[in-house]
Amino acid sequence: MKKLYLLFVSALVLTMTAALCGCGGGKAGEGDAITVGIPQDIEDSLDPHTAVAAGTREVLFNMFEGLVKPDSSGDLKPAVASDYVIDDEGKTYTFTLRDGITFHNGAPVTADDVIASIKRCADTAGGDPLVAAFSNIADISKQDDKTVVITLKEPDTDFLCNMTTAILPADNIDNTATNPIGTGPYMYVSRSPQENIVLKRYDGYWGEKAYIENVTFKIIANPDTIVMNLEGGSVDMFPRVTSAQAAQLSDNFEIMEGTMNLVQALYLNNAVAPFDDVRVRQALCYAIDPKEIMDYAFDGRGSEIGSSMFPSFGKYFMPELNDTYNRDVEKAKALLTEAGYPDGFEFTIKVPSNYTQHVDTAQILKEEFKEIGVTADIELIEWNSWLSDVYSGREYEGTVIGVDASTLSPRALLSRFESTAGNNFVNFSSPEYDAAYKAAVSSTDDATQTENYKKCETILAEEAANVYIQDPAELVAINKKFTGYEFYPLYAQDISKIRLAK
Amino acid sequence: MTNILKKIISSILTILVVACLVFLAFAVIPGDPAVAKLGTQATPEKLSALRHEMGLDVPLIRRFLTWIGGVVRGDFGSSYSYSMPVTRLIADKLPVTVILTLYSFILMIFTSVTVAILAARRENSVLDRTTQVITQMTMSVPPFFGGIIITLIFGLGLHLFAPGGYVSYKSDMGRFLGYMFWPALAIALPKGAMAFSLLYSGLTAEKKKDYARTAYSRGNSTRDVFYRHLLRNACIPVVTFFGMALADMIAGSIVIEQVFGIPGLGRILLTSIQNRDYPVVEAIIVCIAILVTVSNLLVDILYRVIDPRTVISE
């Protein structure tokens, strides 16, 4: 017993010493490494063609590039292609590959790799192609080793937006999920599920090389530990902290404010009663005040929106639509009476429980609806159930969610409201909208196209397709050791621009 | 000896039953891994293609037989979310949870035994009274809350460790153990306090018995009387408690992993349930079942070593 006891004591003393020594040790070689916190692991795929989650795309942005890639102001810049020519009709796209560009494994990028990558995304064997717009491709061929020509079935001046599709080496294309190889400024090193994803600077990158050599994306699933991680020094940067977390952080951190690039709204199932009546939908729009929601749940931050478009889209965004409905309880009640609901009604808002921001918003909406006599019951559901019941099954009355754009084309936000769209989860149906949308898509003249997109937005607002709320503010907390963070109009965390602050 | 054999066989049966139940549970609960993986990009065609790829279009009974056949050979299939074999995934994370559990178990035994003897030797002293109050308090603090308090005091206040600064055991064992001390402490404290109470009442009862006085009269020091004679008798009810505590600690470590940001089995388990990543969930639950049954078996064996009477009475 005594020996055993001594063993215990010595073991304990040893570990205590380890515990006390372990604390002070900072990161080795500070400066050539940054740790970025992310709220969830990459659970769909490391393959950029099959990855679907926005949280995955923002990490993969560092590893993969298309023929063109977006910059922080939202313009498409040549990437794997050094140059491209679009014929006047918008039917033939000719891409010249960049000289000397290589994949992370050192192999040069050839026209065959480009063709294999695009063909993979255009393949219709599984129903829809991976990139929906690629169904418009009539032919893709190589003119020579450095030139690829894509011919479309229908003219489309907006097609370039889809050329951000990642170019992968043809011989590794089916192994991308386990061994991702791309052309981006960072290359994949390793991953440990629910722990981290490690990237390293690719020194053979064609463009401006990244500043920081080693990047670790650390998964912090528990939001309560974000502040501790930042203050404790185990994480240098966290995109999307809440206002409350930002307020707790010390002076060592800079809080940068951008936009989340989401259309946050109370999405209504336009096909079920009472929301099949435009007056009822309008009444709900009159009942709410986005400013009040931002004040209560977002510390006054956020940008009001009035249709399915957010401010980062620049010329397509119509701020005037914010005033389509201003809060007017009397008018809302009048509309309800007209629609046959003088005493209001009761409905259920389904909200995915993992999104605090949407849950908070739903709670304020509920209070606002009370004033016009409408009772909203909030039902918190798991993300998985949201996907299957609400998004695919369309079995719901209302839901609060944020919809993001996967490309820089207004189509990314507007196509889903076409009455026949497969992802039209709100069941919006308006012949007028369909006509305007078709006109926009087929137009080759930029002015007419913009005008038609704006018409689409106006119809969504006037028909009150959904109760539009805001584009929430995105707060990025970054240690002041670093500088150079840039916001993108899409989901992207571009680490290559971040450098040490001197 | 045949008794131990019986115990081993019943343990194996328990694990098999758990494996079956776990598989059937996921056949019953709603949710679809294909939907989870495809997210908002799901179309009926893509869903059915992916279900086929995952082998979910096969009838349940055949799926079950293939799975259980694999389990017996140690093959749990491949994770839907992480595109890697489940065995490799778990081999990576299991040591974290096992070390955390053992760590807290050792801490619990050490603190409870030393403090109980210290207090029992000086019954009704100031030391005794203060320990009584402190244990009453620690006993009622659940580990996750204790974890938060520990982080607050020792991490953010005294800077003895960096909260969230988990280091993988593969990159630096020393710093790994250093960090794990704190979560282990959070798990060990409430359990240690309970073990203390049991031991303390055992010791104070034993020390009034005749054999204790005999031990003294034979010239033993107080220390020797306590460690050599009283502890062994006071231990018997506590060992049963230790066994239950060990099983409890495996569960506790899953919770505490969330508080301290430790990427062990718990984190993987929770996210895999959300994603309906069945192969991973099933494998982890089978793993936990094995850990629990094995620890119970060990306690049974230990019991015989400490108290030979159990063997005779059988």
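A residue is counted as buried if 20 or more other C-beta atoms lie within 10 Å of its own. By this criterion, A332(A), K333(A), L335(A) and L336(A) are buried in helix 8 of chain A, which covers residues 329–338. When helix 8 of chain A is viewed down its axis, the buried residues fall within an arc of 160 degrees, so they line one face of the helix. The cover over these buried residues includes helix 6 (278–287) of chain A. Just after helix 8 of chain A, G340(A) adopts a positive phi of about 95 degrees. These results, like those that follow, refer to a predicted model.

Chain A contains an open sheet of six strands, in the order 14-18-13-17-15-16 and with mixed pairing. Its edges are formed by strand 14 (303–304) and strand 16 (375–381) of chain A, each of which pairs on one side only. Within this sheet, strand 13 (residues 262–268) and strand 17 (residues 398–404) of chain A run antiparallel and are joined by seven bridges. In this pairing, L262(A) stands opposite D404(A) of strand 17 of chain A. Helix 9 (residues 356–370) of chain A lies across strand 13, strand 15 (346–352), strand 16, strand 17 and strand 18 (466–471) of chain A. The direction of helix 9 is at about 165 degrees to strand 16 of chain A.

The peptide bond from A273(A) to P274(A) is cis, with omega near 0 degrees, and P274(A) lies in the loop between strand 13 and helix 6 of chain A. In the loop between helix 13 (446–462) and strand 18 of chain A lies A464(A), whose phi is near 50 degrees, a positive value in a residue other than glycine. A464(A) counts as buried because it has 23 C-beta neighbours inside 10 Å.

A further open sheet of chain A has four strands in the order 4-5-7-6, with antiparallel pairing. Strand 4 (81–86) and strand 6 (137–144) of chain A stand at its edges with a single partner strand each, so one side of each is left without a neighbour in the sheet. From one strand to the next, the twist averages 20 degrees. Strand 4 and strand 5 (residues 92–97) of chain A pair in the antiparallel sense over five bridges, and the bridge partner of I86(A) in strand 5 is Y93(A). Helix 3 (residues 111–122) of chain A lies across strand 5, strand 6 and strand 7 (147–152) of chain A, and runs at about 170 degrees to strand 6.

Strand pairing in chain A also involves strand 11 (residues 237–241), which runs antiparallel to strand 19 (residues 473–479) of chain A and is joined to that strand by four bridges. M237(A) has I478(A) of strand 19 as its bridge partner. Five of the five residues of strand 11 of chain A are buried, so this strand is largely enclosed by the rest of the structure.

Chain B has 13 helices and zero strands. The C-alpha atoms of chain B fill a box of roughly 85 × 55 × 35 Å along the principal axes. Of the 314 residues in chain B, 41% are buried. Among contacts in chain B with a separation of 6 or more, 72% are between residues 24 or more positions apart. The loop between helix 4 (60–72) and helix 5 of chain B holds S83(B). The phi of S83(B) is near 45 degrees, a positive value in a residue other than glycine. With 15 other C-beta atoms within 10 Å, S83(B) is partly exposed.

The two chains meet in an interface in which 49 residues of chain B are in contact with 49 residues of chain A. On the side of chain B that touches chain A, at least two residues each are supplied by helix 2 (33–38), helix 3 (44–54), helix 5 (86–121), helix 7 (143–157), helix 8 (173–206), helix 10 (222–260) and helix 11 (265–274) of chain B. Helix 8 of chain B gives the most to this side, with six residues. By class, the side of chain B that touches chain A has 21 nonpolar, 19 polar and nine charged residues.

Technical notes
Residues are numbered from 1 along each chain as its sequence is written. Chains are lettered from A and ligands numbered from 1 in the order in which they are written. This is a predicted model: local features need pLDDT of at least 70, side-chain atom pairs count only at pLDDT 80 or more; totals for chains, interfaces and linings use all residues. A residue is buried if 20 or more other C-beta atoms lie within 10 Å of its own, exposed if 12 or fewer, and partly exposed in between; C-beta atoms are placed from the backbone. The arc is that of the directions from the helix axis to the C-beta atoms. Two residues are in contact if their C-beta atoms, placed from the backbone, lie within 7 Å. Ala, Val, Leu, Ile, Met, Phe, Trp, Tyr, Cys and Pro count as nonpolar, Asp, Glu, Lys and Arg as charged, and the others, Gly among them, as polar. Two strands pair if DSSP finds at least two bridges between them. Axes are lines fitted to C-alpha atoms, for helices over the stretch in contact, and angles run from 0 to 180 degrees between N-to-C directions.
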